[in-house]
Each structure stands twice: as C-alpha cells, then as structure tokens.
Amino acid sequence: MKKIRVFVAGASGKMGQEVIRSILREDDLLLVGASDTRHQGMDVGFVVGAPRVGIDITGPLGLEFLRSSRADVLVDFTNPQSVFNNAKIAIMAGVVPVIGTTGLDEAEIAEIRTLVEKQNVGAFLAPNFSIGAILMMRFAGEAAKYFPNVDIIEMHHDQKLDAPSGTALKTAEGILEVRQPMIQGHPNEYEKIPGARGADLGGIHIHSVRLPGLIAHQEVLFGGLGQALTIRHDAFSRETYMPGVILGIRKAAELTELVIGLENFLD
Ligand SMILES: NC(=O)C1=CN([C@@H]2O[C@H](COP(=O)(O)OP(=O)(O)OC[C@H]3O[C@@H](n4cnc5c(N)ncnc54)[C@H](OP(=O)(O)O)[C@@H]3O)[C@@H](O)[C@H]2O)C=CC1
Ligand SMILES: O=C(O)C1=N[C@H](C(=O)O)C[C@H](O)C1
C-alpha cells in the first residue's frame, strides 16, 4: 500500500498536536514533516505525547523544506496571518494543502483558486471538520427556508484570534443561499454601544463570545410567528475534528481543484 505522505504546519498548536497523534494511528498515512514557530528542533513525538518519531519540528513553513519532504498533503492549523502564505507555498511545491485554519478572506480564497488551476494541484479548505457542525449548517440552511429571521451566536475559547468564526461565516453564507439579504429587527433601531447588535452579514447578526473554558460552540436561532427554533452544536474536545481531518487528508490526496467544505466528501 502506498502511504499518503503528510506534512503538518502548526504542529505544536492545539489542533496540530491532535492531528499528529491521529496521523500516527493511521496505517495509510505517513508523517513526513512538521513545522511550527514553537518547539523548534524538538522531536515531534515529545511535543504531542507520542513515541519518538524521528521528525524534528522546523520553524515557519518554507518552500524548499516542504519540497524536500516529498509530502503529498500539507495540513495547516496555524493562524490567520500565516495560512495564506502557507497555502501558496504548498501549491507551488506541488503539495495539496488541507486548510483548517480560519481567517482567509474572499480575495485570498480567489487567489488560491487561481493558483490551484494554474499549477494543476488540488486544495481543500474546511472551516469546520466536525460532522456535528456540518449537520448544524445543513439544518440551518433547511430551517432558513421557513424562518428567514436568524441570529448566530458563536462561542469559543479566549485564545481564538479571528472573529467571527469561520463556522459562523459559513453558516451565514449557507443561509444566504436560501434566503435573500434583508433587514432584521426594527428599521430604526440604533446601537447605544457600537457592536451591540453584532456583525451583520446580509441581515444575519453574528455575535462572538470568547471565554476561558469554552472549546467551540454555536447556536443558530430562528424566530417566527409565536415560535423559535434553536440549532446548537458543541465541540467538547478537539478530538471531534479528527475523523474529518483524516477523511480530508485521504480525499485531498486525489484532488486537482479547490474544494471548500467537508460536506463535499460526505454521502
Ligand atoms: N477547521 C476546523 O475544524 C478547525 C479550525 N481551527 C482553526 O485552526 C487554527 C489553529 O487553531 P489552534 O490549534 O487552536 O491554534 P494554536 O495557536 O494553538 O496553534 C497554531 C500554531 O501554529 C503556529 N504557527 C503560526 N504561524 C506558523 C507558520 N507560519 N508555520 C508554522 N507554524 C505556525 C503557532 O505558533 P505561535 O504561537 O508561535 O504563533 C501555533 O503553535 C485557527 O485558525 C482555528 O480557528 C481550529 C479548530 C478546528
Ligand atoms: O478556533 C477554533 O477553536 C475553531 N475554529 C474554527 C472556526 O473558526 O469556525 C472551527 C471551530 O469552531 C474551532
């Protein structure tokens, strides 16, 4: 069996460590490299609490180093400042990026798409790898056909850099595929404190909560005549993302285009 060669960027991070432990458990995946700005020079096994694996963590991702690893796939869980550059490095090296990092804007995604087409390399981007969150987004899209008035509350740990979350944005974008942009609330409403009504995407108000103790949680609240419907998802640990990440790696290895969203790989 030919193994899929995987390089992990953000290896010392909360997600990176979990991803490496998961890769090491899979017979068809081979960890061939790891990069991070922390724990440089340390064997990755020591960092993730796995047996020594003979791979040292290098500094920020570099083109030549990635090329020399002969990786098939680059898994990226870094940060919003690094992810765009890392994706371009991967594509230029002929390595398929599997991007879990959130915070890419529309222009950056468009540029990645163009580069993918030019280099004939695939790319996979998933704002959320957990099956429950994918279902939450699907159900929200269904509910919005009947309940056009909707607010989103996303709640995360207080180390998160980007707001609103990638999941909240994707949820809102999915809703806007089934209901037109519209004004919600009173047309003359005003904010006594700026931001009180949250971010506004097509009239959908998105509220971002950041608190220690949380992992990742989201409520999609629909209001209708005399009734309300709430769809909620909770991630209680980062293990929740791992089946999706492993599936994403396997599927990405065969890609020749940019695919966005894990739902594309689910039946
Ligand atoms: N798609 C999904 O399902 C999920 C996505 N995420 C997203 O994944 C990202 C990472 O989350 P999380 O693990 O919690 O964050 P962490 O801050 O714990 O980890 C990120 C790691 O990447 C390192 N890093 C930064 N720049 C580079 C670079 N250029 N090359 C290599 N390593 C780099 C950071 O180092 P340093 O601290 O020194 O900068 C840090 O160790 C976030 O954007 C988050 O939103 C999170 C969970 C699920
Ligand atoms: O930063 C996180 O933790 C998470 N980020 C992703 C997002 O922005 O939606 C996915 C998940 O919510 C966890």
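## Close-up views of the predicted model

**View 1. The shell around ligand 1.** Among the structural elements, helix H1 gives the most residues to the shell around ligand 1, namely 3. The model shown here and in the other views is predicted. In total, 28 residues surround ligand 1, and the closest are Gly-10, Gly-13, Met-15, Thr-37 and Ser-82. Sorted by class, this shell holds 10 nonpolar, 15 polar and 3 charged residues.

View 2. Helix H1, formed by residues 14–25, lies across strands S1 (4–9), S2 (29–35) and S4 (73–76). Relative to S2, helix H1 runs at about 155°. The open sheet has 7 strands with parallel pairing, in the order S3-S2-S1-S4-S5-S6-S12. Strand S3 (57–58) and strand S12 (258–260) stand at the edges with a single partner strand each, so one side of each has no neighbour in the sheet.

**View 3. Pairing of strands S5 and S6.** Strand S5 (residues 96–99) and strand S6 (residues 123–125) run parallel and are joined by 2 bridges. Ile-99 stands opposite Leu-125 in S6.

**View 4. The shell around ligand 2.** Thr-102, Pro-127, Asn-128, His-156, Lys-160, Ser-165, Gly-166, Thr-167 and Ala-216 surround ligand 2. By class, 2 of these residues are nonpolar, 6 are polar and 1 is charged.

View 5. An unreviewed UniProt entry annotates His-156 and Lys-160 as "active site". Both residues also belong to the surroundings of ligand 2. His-156 lies in strand S7, whereas Lys-160 is found in the loop between S7 and H7. His-156 has 22 other C-beta atoms within 10 Å and is therefore buried, the cut-off being 20 or more. Lys-160 has 16 other C-beta atoms within 10 Å, so Lys-160 is partly exposed. Leaving out residues up to four places away in sequence, His-156 touches Ser-165, Arg-210, Leu-214 and Ala-216.

**View 6. Helix H7 and its packing.** Helix H7 (residues 166–176) is largely enclosed by the rest of the structure, because 8 of its 11 residues are buried. The buried residues are Gly-166, Thr-167, Ala-168, Leu-169, Lys-170, Thr-171, Ala-172 and Ile-175. They pack against helix H6 (131–144) and against strands S7 (149–156), S8 (199–201), S9 (204–210) and S10 (216–224).

View 7. The unreviewed UniProt entry assigns residues 132–266 to "domain: Dihydrodipicolinate reductase C-terminal". In the model this span is 26% helix and 29% strand, and its end C-alpha atoms lie 12 Å apart.

How values were computed. Residues are numbered from 1 along each chain as its sequence is written. Chains are lettered from A and ligands numbered from 1 in the order in which they are written. This is a predicted model: local features need pLDDT of at least 70, side-chain atom pairs count only at pLDDT 80 or more; totals for chains, interfaces and linings use all residues. Two strands pair if DSSP finds at least two bridges between them. Helices (H or I, at least four residues) and strands (E, at least two) are DSSP runs, numbered from the N terminus. Two residues are in contact if their C-beta atoms, placed from the backbone, lie within 7 Å. Axes are lines fitted to C-alpha atoms, for helices over the stretch in contact, and angles run from 0 to 180 degrees between N-to-C directions. A residue is near a molecule or strand if its C-beta atom, placed from the backbone, lies within 6 Å of it. Ala, Val, Leu, Ile, Met, Phe, Trp, Tyr, Cys and Pro count as nonpolar, Asp, Glu, Lys and Arg as charged, and the others, Gly among them, as polar. UniProt positions are given in the numbering used here, feature names are shortened, and annotations may be inferred rather than shown by experiment. A residue is buried if 20 or more other C-beta atoms lie within 10 Å of its own, exposed if 12 or fewer, and partly exposed in between; C-beta atoms are placed from the backbone.
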